[in-house]
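Please find below a colleague's note on the structure shown here. The points are numbered so that each may be taken up separately.

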Amino acid sequence: MITGDGAVQFHPVVVLSFALNIGIFFWQLLRSVWAHPFSFDMMTWLFCLFFFGYAPLLQHMTDTYAWKLDPTIGEVIGANGIVLLWTVCYLLGRDYRRYPRMRSLADKLTGKLRPLADRIPRWKSMKFRLGKKTVLNLLLLLAICCAGVDILTVGLIEQLSRATAEAGTGNTAVDLIMTHGINNILLFVAAIYVIEAKKAKKIGWKTLIALLCLGIACFPTGLSRNMMASFYAGMLILMLDSSRRGRWFSWVIFGGLIFIFPAMEVFRWLLVLDRGDPIQLILNSFQSSYLDGHFDAHQMIISIGRYVEEYGFAWGKQILGALLFFVPRSIWPGKPEGTGHTAIVALDQFHFSNVSAPMPAEGYVNFGLVGVICIGILLGIVARRMDSAYWRSREGKYPEKPVDFLYPFAMFMFFFFLRGDMMSAWAYTFAQTLVGWALFTVWQLAADPEDDK
């Protein structure tokens with residue numbers, strides 16, 4: 001974290017450009033909360049309000065920057081212009097049904113890739129011969145085994161801190177399986193048992209075991225903040241039907257972003273080194289969180305803009321690398337690194353991989369302003385279709401389609417996806433979706449005794 005030369009501080013055009021964007025974000029956030037207690041759209045505006053609005057404005061007004069950045073007035077205004085363009089395009093995508101040509105194009109594209117949710121009813125003839133009770137028992141056994149492997153690999157006490165809870169076997173493939181596979185299996189098995197408990201209107205000992213496996217092997221302070229929010233806030237939505245009524249859950253999400261997000265960083269270090277009094281660490285975290293690298297999304301637009309000026313556009317290489325994240329580098333030696341890491345290393349700003357590359361920057365580094373426009377429209381369409389599919393099916397009390405089951409968890413992963421970079425965000429999102437869909441399908445295809453009546 002460095003202090004710049006002070007040129008940007010309180011510059012009227014900089015402040016006005018931030019004020020314009022913040023006004024749009026705040027108004028759209030109010031509209032999204034008015035429409036639904038929670039949604040993909042609400043996650044978008046919360047992200048924009050904090051990561052493109054309040055936090056960077058505070059950084060520029062205090063002249064404090066991460067990753068050795070010292071931006072010019074033109075760079076800050078340019079970044080705000082890119083954010084504004086992306087915002088307008090997101091709104092066009094979100095409200096695409098208002099525009100006949102866009103609606104026709106979107107329907108053609110999505111019609112060729114029919115959601116898996118629409119295909120589930122056709123598989124009734126493929127019911128397993130195993131009864132639902134047997135399948136649930138097998139899923140619970142799978143969760144117990146996964147929790148056991150995780151605890152044996154990492155340790156029990158080490159689960160409490162993220163610095164020690166992450167798998168570190170020395171084998172990248174094994175570590176990815178531990179992070180993306182085992183944790184999501186524990187999450188969705190617990191979610192299935194919670195739904196079954198709601199149907200039975202009682203919490204059995206098997207449900208408690210499933211939740212215990214999740215709680216121990218995926219202890220909140222041992223997870224990254226995006227996974228912690230996705231796992232536990234998503235589970236809260238699944239448990240409490242009241243979260244879908246009123247607006248109290250919107251305040252829970254808002255408060256979590258303000259208070260829990262900064263404080264959670266402290267737990268990364270509590271079990272590794274003596275870094276002082278935990279209470280003081282938490283207080284310091286609140287004081288510095290909005291000024292350091294955790295809210296670096298706006299700054300990374302500037303850094304990635306500098307990278308493009310020096311090295312040119314990626315022409316889709318960064319997007320291709322993200323989509324093919326599962327291809328090992330031994331097979332693809334030229335596989336790109338994450339966009340944020342690539343930019344700051346090339347510019348000699350910092351040597352650190354866990355930096356953001358928000359979606360406007362990902363679009364810009366690949367195809368310039370055309371990329372910003374396309375990604376904005378695409379994400380707007382995705383958010384609209386996910387929100388519409390979930391809230392349209394809320395007549396049923398229990399999940400009947402994959403979107404009902406995955407939505408509460410995917411919504412928080414979407415927040416992480418907006419921050420980027422796309423390389424890691426897509427890997428986490430894809431893994432969670434794949435594991436959740438697979439377990440949901442197995443559960444739904446299990447023969448229920450009532451089916452034979």
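1. Overall make-up. The model is a predicted one. Its chain contains 17 helices and 2 strands. Of the 453 residues, 51% are buried. Among contacts in the chain with a separation of 6 or more, 79% are between residues 24 or more positions apart.

2. Salt bridge between arginine 94 and aspartate 41. The structure has 7 salt bridges. One of them joins arginine 94 to aspartate 41, with 3.2 Å between the closest N and O atoms. Arginine 94 belongs to helix H3 (residues 73–94) and aspartate 41 to helix H2 (residues 40–62), so that the pair links distant parts of the chain, 53 residues apart. Are the two partners buried or exposed? Arginine 94 has a relative accessible area of 8% and is therefore buried, the cut-off being under 20%. Aspartate 41 likewise counts as buried, because its relative accessibility is 7%.

3. Salt bridge between aspartate 296 and arginine 419. Here the closest N and O atoms lie 3.4 Å from each other. Aspartate 296 is located in the loop between helix H11 (278–288) and helix H12 (297–311), whereas arginine 419 is in helix H16 (residues 402–419); the pair therefore ties together parts 123 residues apart in sequence. Both aspartate 296 and arginine 419 are buried.

4. Salt bridge between glutamate 337 and arginine 329. The closest N and O atoms of this pair are 3.6 Å apart. Glutamate 337 is partly exposed because its relative accessibility is 40%, a value between the limits of 20% and 50%. Arginine 329, at 38% relative accessibility, is partly exposed as well.

5. Packing of H12 against H14. H12 packs on helix H14 (residues 339–346) at an angle of about 65°, and the two axes are 9 Å apart. H12 is therefore roughly perpendicular to H14, since that class covers angles from 65 to 115 degrees. The crossing of these helices, H12 and H14, is left-handed. On the H12 side the contact is formed by Met300, Ile304, Tyr307 and Tyr311, and on the H14 side by Thr339, Gly340, Thr342, Ala343, Ile344 and Ala346. By class, the residues of the contact of H12 with H14 comprise 7 nonpolar, 3 polar and no charged.

6. Packing of H15 against H16. The axes of helix H15 (residues 359–392) and H16 come within 12 Å of each other, crossing at roughly 155°. H15 and H16 are therefore roughly antiparallel, because the angle is over 145 degrees. Their crossing is left-handed. H15 contributes Met359, Leu379, Met386, Asp387, Ala389, Tyr390 and Trp391 to the contact, and H16 contributes Val403, Asp404, Tyr407, Pro408, Phe414, Phe417 and Leu418. The contact of H15 with H16 has 12 nonpolar and 2 charged residues, and no polar ones.

7. Methionine 227. This residue is in helix H9 (residues 225–239). Methionine 227 is buried, its relative accessible area being 5%. The C-alpha atoms of methionine 227 and methionine 413 are 7.5 Å apart, although 186 residues separate them along the chain.

Conventions
Residues numbered from 1 in each chain as written. Predicted model: local features only at pLDDT ≥ 70, side-chain atom pairs only at ≥ 80, totals over all residues. Heavy atoms only, no water. Salt bridge = Lys/Arg side-chain N within 4 Å of Asp/Glu carboxyl O. Helix = DSSP H or I, 4+ residues; strand = E, 2+ residues; numbered from the N terminus. Buried < 20%, exposed > 50% of the residue type's maximum accessible area, 1.4 Å probe, protein only. Axes fitted to C-alpha atoms, helices over the stretch in contact; angles between N-to-C directions. Parallel < 35°, antiparallel > 145°, perpendicular 65-115°, else oblique. Left-handed = near helix turned anticlockwise from the far one by under 90°. Contact = heavy atoms within 4.5 Å. Nonpolar A, V, L, I, M, F, W, Y, C, P; charged D, E, K, R; others polar.
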